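Dear colleague,

Please find below the structure I said I would pass on to you. My notes on it follow, arranged by topic.

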Amino acid sequence: MAPSTPRLVVPVDLKKKPWDQNLPLHNRWHPLIPPVAEVHTDELFRVEMVDWTGGVIGDNDSASDVKLIDLSVTHYLSGPIRVVDKDGVPAKPGDLLVVEICNLGPLPGDEWGYTATFDRENGGGFLTDHFPCATKAIWYFEGIYAYSAQIPGVRFPGLTHPGVIGTAPSAELLKIWNERERHVQENGLQTLKLCEVVHSRPLANLPTAKGCSLGKIKEGTEEWERIANEAARTIPGRENGGNCDIKNLSRGSKVYLPVFVEGANLSSGDMHFSQGDGEVSFCGAIEMSGFLELKCDIIRGGMKEYLTPMGPTPLHVNPIFEIGPVEPRFSEWLVFEGISVDESGRQHFLDATVAYKRAVLNAIDYLHKFGYSKEQAYLLLSCCPCEGRISGIVDSPNAMATLAIPTAIFDQDIRPQPSKVPIGPRLLRRPDVLKCSYDGNLPITKNPSATT
C-alpha cells in the first residue's frame with residue numbers, strides 16, 4: 001500500500017496575520033514558548049510558513065514597504081514542534097535531532113518572491129555604506145526558474161531552502177547568548193576594528209518586547225512580559241541552528257540539531273526560493289512563503305557522541321548539515337577575487353570579511369559594465385546561485401575570498417573579450433530596481449577608481 005500523504009501539522013492562512021493563525025507563529029527563541037504540534041520519529045509531516053515579514057512586503061511597484069518595515073518582527077516562524085520517538089518518549093537535552101528535508105517549495109497560489117536592501121538607517125546590510133537606499137526586486141516563478149522585471153536579462157533555477165531551522169535553547173544557553181551579544185553591542189564600536197569597514201548596525205539585536213510574538217503565550221500577560229524581555233531575536237545563527245541561510249540545504253538534505261529542551265521544540269521559517277552565498281544584501285534571498293515536508297529521528301546522547309564543544313561549556317556546539325543530492329548544474333563560472341585591503345587602500349590582517357566585501361564590490365562593478373545598474377547587480381549577487389569561498393586564510397597579510405557567478409544565468413556573454421565592452425542604450429537593463437531615497441546623513445563610501 002502506498003504511504004499516506006504528509007500530515008499537515010502547521011497550516012498557515014496567508015490572509016491572516018501571523019498572530020491570528022489557528023496555530024499562532026512566533027519570532028523569538030525561548031525555552032518556554034509552548035509547542036503547537038507534536039510529531040513522531042519517521043513520520044512524514046508538512047509545515048507551512050509565511051514569508052519572514054508575515055506579508056508586510058508586497059508584490060507591488062514600490063520599495064517603501066522595505067524602507068519603513070518594523071524589523072523588530074524578524075522572523076515569523078512556524079512551530080515549535082515537539083518531537084517524540086515511536087514509544088512516545090520525547091527528545092531529551094543532549095540528544096541530536098535529525099531533520100530530513102524530503103520536499104519543499106512555495107505555497108501553491110503564492111508563487112512569487114522578493115529581494116531587497118534595507119535603508120541604512122533601518123537594517124542596512126553588508127554594503128550599506130555603498131548602497132544606503134531601500135531597494136526591491138520582485139521575482140516570479142516558472143516551475144524551478146525565477147525571473148524579474150526589475151533585473152531583466154537573467155533567469156535561473158532556484159535552490160529552495162529554509163533560511164531558519166532550529167531547536168529551542170535552554171535557559172542556560174539563552175543566558176549565554178544574551179550576555180555575549182549585549183557585550184558586543186555595548187563595546188564593539190570601541191574594540192572591533194572591523195566596524196570601521198563593515199557598517200551594518202546595530203552590532204547585535206538584543207531582546208525587546210517590541211514586535212514580539214510568542215505563539216500561544218497571550219500578549220499582555222505577566223508571563224508574556226517576562227519572556228518577551230529575555231527571549232532571543234532570531235536574526236543570527238547560533239548553537240541551535242537558527243538563521244543559518246545555507247543555500248544548499250534543499251531537497252534530500254539533513255540537519256543534525258543539538259537538543260537543549262525536552263521535545264527539541266523545532267521551528268522553521270524564512271523560506272528562500274534562491275540565495276547566493278552570504279546573502280549579501282541582507283534581505284537578500286528570493287524571500288517567499290513556503291512549505292517543508294520533513295521526517296525526524298532522534299540520536300540518543302548524540303551531542304556528546306558527535307559534537308565537540310568549542311567554548312567553555314558543553315552547550316557551545318554547532319549543528320551538522322548533510323547536503324542533499326538535488327541542486328542546479330552549472331559548468332561555467334566567472335570568479336571574482338577579493339583580498340583583505342579595504343576601499344581606502346588600508347591593509348587588514350587575514351580578514352576574510354574585508355576580502356569578501358572586496359570580491360562582491362569587484363563583481364558589482366564588473367556587471368555594471370554590461371548595462372546593469374549597481375543596485376541591480378547587488379541584488380542579483382545576493383539571490384542568484386553564486387558560490388562564495390574563503391580561498392586563502394594562511395598567507396599573511398591577505399585573506400583571499402572569491403565569488404563565482406554562473407555565466408549561464410545571463411542572456412548575454414559576460415566574459416572578457418578581445419574587443420571592448422559594448423556600451424550603449426540598447427544594453428541598459430531597464431526598468432531598474434524599485435528604489436527609495438536615502439534621507440539620512442551618514443557618509444557614503446566611494447571608490448574613486450570604480451566605474452561611474
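**A buried serine in a strand**

Ser268 has a relative accessibility of 4%, and it therefore counts as buried. Please bear in mind throughout that the model is a predicted one. Ser268 belongs to strand β16, which runs over residues 266-272. Leaving out residues up to four places away in sequence, Ser268 touches Val47, Met49, Leu77, Ser78, Val164, Ile165 and Leu292.

**The chain as a whole**

The protein chain contains six helices and 23 strands. Its radius of gyration is 22 Å, close to the 22 Å that the globule rule gives for 452 residues, so the chain is as compact as a globular protein of that length. The C-alpha trace spans about 70 × 55 × 40 Å along its principal axes. Of the 452 residues, 57% count as buried. Among contacts in the chain with a separation of 6 or more, 80% are between residues 24 or more positions apart. The accessible surface comes to about 19700 Å², and carbon and sulfur atoms account for 53% of that area.

**Helix α6**

How many of the ten residues of α6 are buried? The count is nine, so this helix is largely enclosed by the rest of the structure. The buried residues are Glu375, Gln376, Ala377, Tyr378, Leu379, Leu380, Leu381, Ser382 and Cys383.

Apart from neighbours within four places in sequence, Glu375 is in contact with Phe131, Thr135, Val433 and Lys435.

**The largest pocket**

The volume of the largest pocket is about 1500 Å³. It is lined by 48 residues, of which Ser200, Ile235, Pro236, Asn243 and Phe282 are the closest to its centre. By type, the lining divides into 21 nonpolar, 15 polar and twelve charged residues.

Four elements each supply at least two residues of this lining: α2 (171-191), β13 (237-238), β17 (282-287) and α5 (352-368). Strand β17 makes the largest contribution, with three residues.

Phe282, one of the residues closest to the pocket centre, lies in strand β17. With a relative accessibility of 39%, Phe282 counts as partly exposed. Its backbone also deserves a remark, and I return to this below.

**The cavity**

A search of the whole structure finds one cavity of 30 Å³ or more. The largest cavity holds about 40 Å³ of space. Its lining consists of Val197, Val341, Asp342, Glu343, Val354, Lys357, Arg358 and Leu361. Four of the lining residues are nonpolar and four are charged, while none is polar.

**Backbone points to inspect**

Most residues other than glycine have a negative phi, and most peptide bonds are trans. The following places depart from that pattern.

- Phe282 has a positive phi, near 85 degrees, although it is not a glycine.
- Asp42, likewise a residue other than glycine, has a positive phi of about 70 degrees. It lies in the loop between β3 (37-40) and β4 (45-49). At 42% relative accessibility, Asp42 counts as partly exposed.
- Thr74 and His75 are joined by a cis peptide bond, with omega about -25 degrees. His75 lies in the loop between α1 (64-67) and β5 (77-84).
- Arg201 and Pro202 are also joined by a cis peptide bond, with omega near 0 degrees. Pro202 lies in the loop between α2 and α3 (222-228).

With kind regards

Technical notes: Residues are numbered from 1 along each chain as its sequence is written. This is a predicted model: local features need pLDDT of at least 70, side-chain atom pairs count only at pLDDT 80 or more; totals for chains, interfaces and linings use all residues. Side-chain values use heavy atoms; hydrogens and water are left out. On a 1 Å grid over the protein atoms alone, a cavity is a set of points where a 1.4 Å probe fits but cannot get out, and a pocket is an open set with protein on both sides within 12 Å along at least five of seven lines; lining residues have an atom within 4 Å of a point. Grid points are joined across faces, edges and corners, and a volume is the space filled by probe spheres set on the points. Ala, Val, Leu, Ile, Met, Phe, Trp, Tyr, Cys and Pro count as nonpolar, Asp, Glu, Lys and Arg as charged, and the others, Gly among them, as polar. Contact means heavy atoms within 4.5 Å. The radius of gyration is taken over C-alpha atoms; the globule rule is 2.2 Å times the number of residues to the power 0.38. Buried means under 20% relative accessible area, exposed over 50%, partly exposed in between (1.4 Å probe, protein chains only). Accessible areas come from the Shrake-Rupley method with a 1.4 Å probe; for residues, only the protein chains shown count as cover.
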